[in-house]
Amino acid sequence: MSLSEILVAEDALPASSQWWKRAVIYQVYPRSFQDSDGDGIGDLRGILQRLDHLERLGIDVIWLSPIYRSPHADNGYDISDYQDIDPAFGTFDDFTELLDAVHARGMKLVMDLVVNHTSDEHPWFLESRSSLDNPKRDWYWWRPARAGHHPGELGAEPTNWESFFSGPTWTLDEHTGEYYLHLFAKKQPDLNWENPEVREAVYAMMRWWLDRGVDGFRMDVINLISKHPGLPDGTVTEGKTYGDGFPHYSAGPRLHEYLQEMRREVFDGRGALLTVGETPGVTTDEAALFSDPARRELDMVFQFEHVSLDHEDGKFRPRELEPGELAASFTSWQNALAQIGWNSLYLANHDQPRPVSRFGDATAWWRESATALATVLHLQRGTPYVYQGEELGMTNAPFDQIGDYRDVESLNHFTDAVGRGEQPDAVIAGLLRMSRDHARTPVQWDDTLNAGFTAGTPWIRVNPNHTRINALTQYDDPGSVFEHYRALIELRHRLPVVADGDFVRLDAGTPAVFAFQRTLDRELLLVVANLSSSVVTPQLPDAICEEWHDARPVLTNRAGEHDVDAALDPWEAKVYTR
């Protein structure tokens with residue numbers, strides 16, 4: 001039976017009880033998606049111009065990275081006004097037109113909610129830092145210098161925590177003589193969620209956006225909003241200057257209380273909305289708590305285990321993964337959330353390097369590895385996310401000079417590492433593998449100058465391989481990465497087993513092969529994928545070979561043999577259904 005025949009046969013099946021289980025979500029990073037006015041920065045009207053691409057792909061939900069007013073110390077994740085559009089992206093009229101156009105196409109739009117911290121230019125923080133007795137002083141985390149130290153002295157910071165973006169998490173405010181906490185950049189002070197006025201101000205802002213028709217929120221580092229009130233020092237490991245504060249500010253004592261309160265105060269009675277939390281460092285047990293429907297917190301979470309596997313001595317000193325490591329991580333999360341909770345399925349986002357360069361083989365087997373990785377991701381149990389350009393197989397950029405980089409994390413790391421005596425070339429080598437800027441190069445729409453992204457000078461260099469990797473050349477090409485993604489999305493929409501079926505990992509006799517079966521009543525789906533650059537022959541269980549011996553794949557990324565136990569070419573992936 002062909003893919004098209006199966007899709008027609010399944011068209012009348014009832015929808016999943018929770019709509020987001022069958023949905024596919026696409027993240028738009030506006031700055032790099034499409035520029036409409038030639039200033040080199042993507043904008044809202046640019047997104048409007050490219051909605052045909054998303055509709056063609058089959059996307060259900062657009063997740064929009066921050067478009068709020070911001071000084072852009074962290075490209076919009078430092079918000080100075082939650083209820084205004086940054087002029088770099090357009091106007092509120094532009095946003096309203098975009099939202100209406102998205103809804104008219106049957107899609108939903110989810111906003112990025114960044115409420116662990118604000119910009120230091122937000123009116124709340126400007127008031128908070130104005131005096132020691134300002135009514136908003138307690139809206140942020142302020143502390144005097146460490147006992148026995150004067151403000152500004154080396155080691156006078158209230159705790160020894162290291163920032164995610166290098167250096168200490170505390171910055172001295174000269175005006176009041178106290179330090180404020182910022183887990184990220186110094187222009188991103190952390191809100192104090194212990195203060196009920198802060199929580200109500202955040203909830204009011206969320207309701208304001210929902211009243212305007214947005215369909216939910218992706219919640220940035222939401223598991224960091226509850227800190228342990230004592231703010232104890234972290235452990236300092238060998239070779240480090242600062243301590244690891246993560247155990248003291250991740251999943252703090254009131255986190256679940258806050259999320260349940262948010263559900264009651266913001267979402268109750270509003271219908272079919274989506275809530276997904278970014279939760280770095282979360283365990284499988286914690287993820288089940290967040291996404292258990294009975295607890296009424298979040299619909300799903302982003303976990304970080306699989307995108308931390310290659311962090312050997314920190315993010316910018318990565319290692320090569322062993323065969324089967326990625327599949328083993330996926331499997332553990334499938335098993336952990338099999339009965340309670342829900343997975344967010346992703347390989348890429350605005351904070352991660354390009355997956356085909358990271359987990360695949362972007363040199364010898366670019367198309368095959370891009371499509372194989374997509375196959376095993378999209379057909380697991382959970383809601384898949386596509387990051388812009390991923391559906392085209394976009395790769396890491398050849399940024400071999402520090403002047404090529406724009407991201408505050410990468411620039412701070414370079415300055416810090418070189419200042420500690422590391423060789424600049426060695427530091428650049430780490431950035432070439434892991435910098436967030438790889439995710440932020442402009443989307444490659446065609447092979448013209450600047451890849452069709454802008455008529456001006458792009459804010460960050462376009463990847464020069466856009467002349468061969470771009471959307472225009474992939475449309476209607478049955479072998480292209482784009483068309484493979486489109487087919488995977490159709491499978492999820494049409495086959496209930498993809499959204500609702502059980503997941504069972506199969507022993508393929510080799511860690512290079514990721515094989516699993518999905519089951520829903522009498523509907524079965526089998527995936528067999530070689531996640532390596534070598535020819536591999538799977539040794540599937542006899543019962544599986546016998547059950548599927550006469551099956552033909554409904555989707556494959558190579559013109560190989562159909563048999564389930566046939567040798568697999570490098571990065572060959574096959575999908576069967578019955």
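## Second largest cavity

In this predicted model, the second largest cavity is lined by Gln303, His306, Phe330, Trp333, Gln334, Asn343, Ser344, Leu345, Tyr346, Leu377 and Gln380. Two elements, α10 and β12 (344-345), each give two or more residues to this lining. Helix α10 has the largest share, with three residues.

The volume of the second largest cavity is about 60 Å³. By class, its lining holds five nonpolar residues, six polar residues and no charged ones.

## Largest cavity

Across the whole structure, a search finds three cavities of 30 Å³ or more. The largest has a volume of about 70 Å³. Its lining is made of Leu347, Pro355, Val356, Ala370, Leu373, Ala374, Glu390, Gly393, Met394 and Tyr485.

Helices α11 and α12 (366-378) each supply at least two residues of the lining of the largest cavity. The largest share, three residues, comes from α12. Eight lining residues are nonpolar, one is polar and one is charged.

## Second largest pocket

The second largest pocket holds about 470 Å³ of space. Its lining counts 25 residues. Nearest the centre of this pocket lie Leu321, Arg358, Phe359, Leu531 and Trp571.

Three helices each supply at least two residues of this lining: α10 (325-336), α11 (355-358) and α14 (424-434). Helix α10 gives the most, with three residues. The lining of the second largest pocket divides into twelve nonpolar, five polar and eight charged residues.

Helix α10 contributes to the lining of the second largest cavity, and α11 to the lining of the largest cavity.

## Largest nonpolar core

In soluble globular proteins, nonpolar side chains tend to be buried together. Here, the largest nonpolar core has 128 residues. Within this core, Leu51, Phe95, Met111, Met206 and Phe217 touch the most other members. Helix α6 (residues 196-211) supplies the largest share of this core, eight residues.

Take Phe95 as an example. Leaving out residues up to four places away in sequence, Phe95 touches Leu44, Leu64, Ile67, Ile85, Leu109, Met111, Trp209 and Val214. One of these partners, Met111, is itself among the residues that touch the most other core members.

## The β6-β8-β7 sheet

Three strands make an open sheet, ordered β6-β8-β7, with antiparallel pairing. Strands β6 (142-143) and β7 (170-173) stand at the edges with a single partner strand each, so one side of each has no neighbour in the sheet.

Strand β6 pairs with β8 (residues 178-181) over two bridges, in the antiparallel sense. Arg143 has Tyr179 of β8 as its bridge partner.

## Threonine 159

Thr159 sits in the loop between β6 and β7. Its relative accessibility is 3%, so Thr159 counts as buried, the cut-off being under 20%.

Which residues does Thr159 contact, leaving aside neighbours within four places in sequence? They are Arg146, Thr169, Trp170, Leu231, Pro232 and Asp233. Trp170 falls within the span of edge strand β7 (170-173).

Thr159 also gives a sense of distance to another part of the model. Between Thr159 and Leu520 there are 361 residues in sequence and 52 Å in space, C-alpha to C-alpha.

Strand β15 spans residues 513-520. Six of its eight residues are buried, so β15 is largely enclosed by the rest of the structure. Strand β15 pairs with both β14 and β16.

Strand β14 (residues 502-506) runs antiparallel to β15, and five bridges join the two. Leu506 has Ala515 of β15 as its bridge partner. These two strands form a hairpin with six residues between them. In the turn, Gly509 has a positive phi of about 80°.

Strand β16 (residues 523-530) is also antiparallel to β15, joined by eight bridges. Thr519 stands opposite Leu524 of β16. The hairpin of β15 and β16 has two residues between the strands. There, Asp521 takes a positive phi near 55°.

Conventions: Residues numbered from 1 in each chain as written. Heavy atoms only, no water. 1 Å grid on protein atoms, 1.4 Å probe; cavity = no way out; pocket = protein on both sides within 12 Å on 5 of 7 lines; lining within 4 Å. Points joined across faces, edges and corners; volume = space filled by probe spheres on them. Helix = DSSP H or I, 4+ residues; strand = E, 2+ residues; numbered from the N terminus. Nonpolar A, V, L, I, M, F, W, Y, C, P; charged D, E, K, R; others polar. Pairing = 2+ DSSP bridges. Core = buried A, V, L, I, M, F, W, Y, C linked by side-chain atoms within 4.5 Å. Buried < 20%, exposed > 50% of the residue type's maximum accessible area, 1.4 Å probe, protein only. Contact = heavy atoms within 4.5 Å.
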